[in-house]
Amino acid sequence: MNSKKIFSLILITVLVCAFSGLAFAKTYVVGTSAGFPPFEYVDENGDVVGFDVDLVKAIGELKGFDVEVKDISFDSLPAALKTGNIDMIAAGMTITTEREKVLDFSQPYWTANQSIIVTEDAQEGLTLLFGDHDIGVQTGTTGDIWVTDNFKEKGILTGKVAHYDTFVLVVSDLINGNLDGVVLDTPVAESYAAQKPVKVVAEIVTGEEYGIAVDEGNTELLDLINEGIDELKANGKMDELITKYFK
């Protein structure tokens, strides 16, 4: 066999191996709810972007898998995971005892409290959670659970707790004068305050921790995620993402 044929065979082998590797690269579908800036939101091009999106993509680059992002209402994310429509949840989701009964969470990657936002000309802070005030929340969030359990069900808050699919709709109703205040995670509250005519008037210390969720028993994927988070912390990429979205 002459040298040209040998070279051709080698080239073909290399190309076949390369394309085979691409063909068998695993793609995981990531569920999120794109009304939670800067963790996930829709940019001017209509793409879902944000800290969580970049985080899972960075993990994928390290651990050898691709990512497809699917935008779903927050309260529907666990069901989508259980039915196999998505493979993981990256949506600023707080690790709670109730959620851990049906989902497995990664190690925490963020800590946050809850805050109250109002329109720029409003004055009230924590007193909004007392008496006849209307408070907006995103359905299924820890803010929703916190206000309902601690104030609404105990009769301290006599106004309505209005539920919405996304915080985009909640904040819109606040600006339009249909709500007195909104309860949401502090970094997201600060993000909206920087972009919209609203302000943060109170912070509720809850010490919540966010994790990436997978279906119960999916230890293979969970191990990849945890390893990826550790590696991103070690190589400085996590700090880069924090600087990009929060500083």
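**Chat about the fold**

A: Among contacts in the protein chain between residues at least 6 apart in sequence, 74% join residues at least 24 apart. Contact here means heavy atoms within 4.5 Å.

Q: What kind of model is this, and which pLDDT do local features need?
A: This is a predicted model, where local features need pLDDT of at least 70, side-chain atom pairs count only at pLDDT 80 or more, and totals for chains, interfaces and linings use all residues. Residues are numbered from 1 along each chain as its sequence is written, and side-chain values use heavy atoms, with hydrogens and water left out.

Q: What is the mean pLDDT of the protein chain?
A: The mean is 92, and 90% of the residues reach 70 or more. pLDDT is the predictor's confidence in each residue, from 0 to 100. Where it is low, the predicted coordinates should not be read in detail.

Q: Okay, how many helices and strands are there?
A: The protein chain has 9 helices and 13 strands. They are DSSP runs numbered from the N terminus: helices are H or I with at least four residues, strands are E with at least two. The C-alpha atoms fill a box of roughly 90 × 35 × 30 Å, taken along the principal axes.

Q: And how much of the chain is buried?
A: Buried residues make up 44% of the 247 residues. Buried means under 20% relative accessible area, exposed over 50%, and partly exposed in between (1.4 Å probe, protein chains only).

Q: Which residues have the most contacts inside the largest nonpolar core?
A: Phe 51, Leu 55 and Met 88, in a core of 41 residues. Helix α8 (residues 219–235) gives the most to this core, with 6 residues. A nonpolar core is a set of buried Ala, Val, Leu, Ile, Met, Phe, Trp, Tyr and Cys residues joined through side-chain atoms within 4.5 Å.

Q: What is Met 88 in contact with?
A: Leaving aside neighbours within four places in sequence, the contacts of Met 88 include Tyr 28, Phe 65, Leu 81, Ile 212, Leu 221 and Ile 225.

Q: Switching topic: which residues are buried in helix α7?
A: In α7 (residues 186–195), the buried ones are Thr 186, Pro 187, Val 188, Ala 189, Ser 191 and Tyr 192. They pack against several elements, among them β8 (110–119), α6 (167–175) and α9 (237–246).

Q: How many salt bridges does the structure hold?
A: There are 7. A salt bridge is a side-chain nitrogen of Lys or Arg within 4 Å of a carboxyl oxygen of Asp or Glu. One of them pairs Asp 54 with Lys 244 (2.8 Å, N to O). Asp 54 is in helix α2 (residues 51–63) and Lys 244 in helix α9, so this pair ties together parts that are 190 residues apart in sequence.

Q: Are those two buried or exposed?
A: Asp 54 counts as buried at 19% relative accessibility, while Lys 244 counts as exposed at 54%.

Q: What about Glu 227 and Lys 63, where do they sit?
A: Their side chains meet in a salt bridge (3.1 Å, N to O). Glu 227 is in helix α8 and Lys 63 in helix α2, 164 residues apart. Lys 63, Glu 227 and Glu 231 are linked in a network of salt bridges.

Q: And Lys 82, which parts does its pair with Asp 215 tie together?
A: The two side chains form a salt bridge (2.8 Å, N to O). Lys 82 lies in helix α3 (residues 77–82) and Asp 215 in strand β13 (residues 213–215), so the link spans 133 residues in sequence.

Q: What does the Glu 208 side chain make a polar contact with?
A: Thr 94, through its side chain, at 2.7 Å. Another polar contact, of 3.0 Å, joins the side chains of Glu 208 and Gln 114. A polar contact is a pair of N or O atoms within 3.5 Å; within protein, one must be able to donate a hydrogen and the other to accept it, and residues adjacent in sequence count only if both atoms are side-chain atoms.
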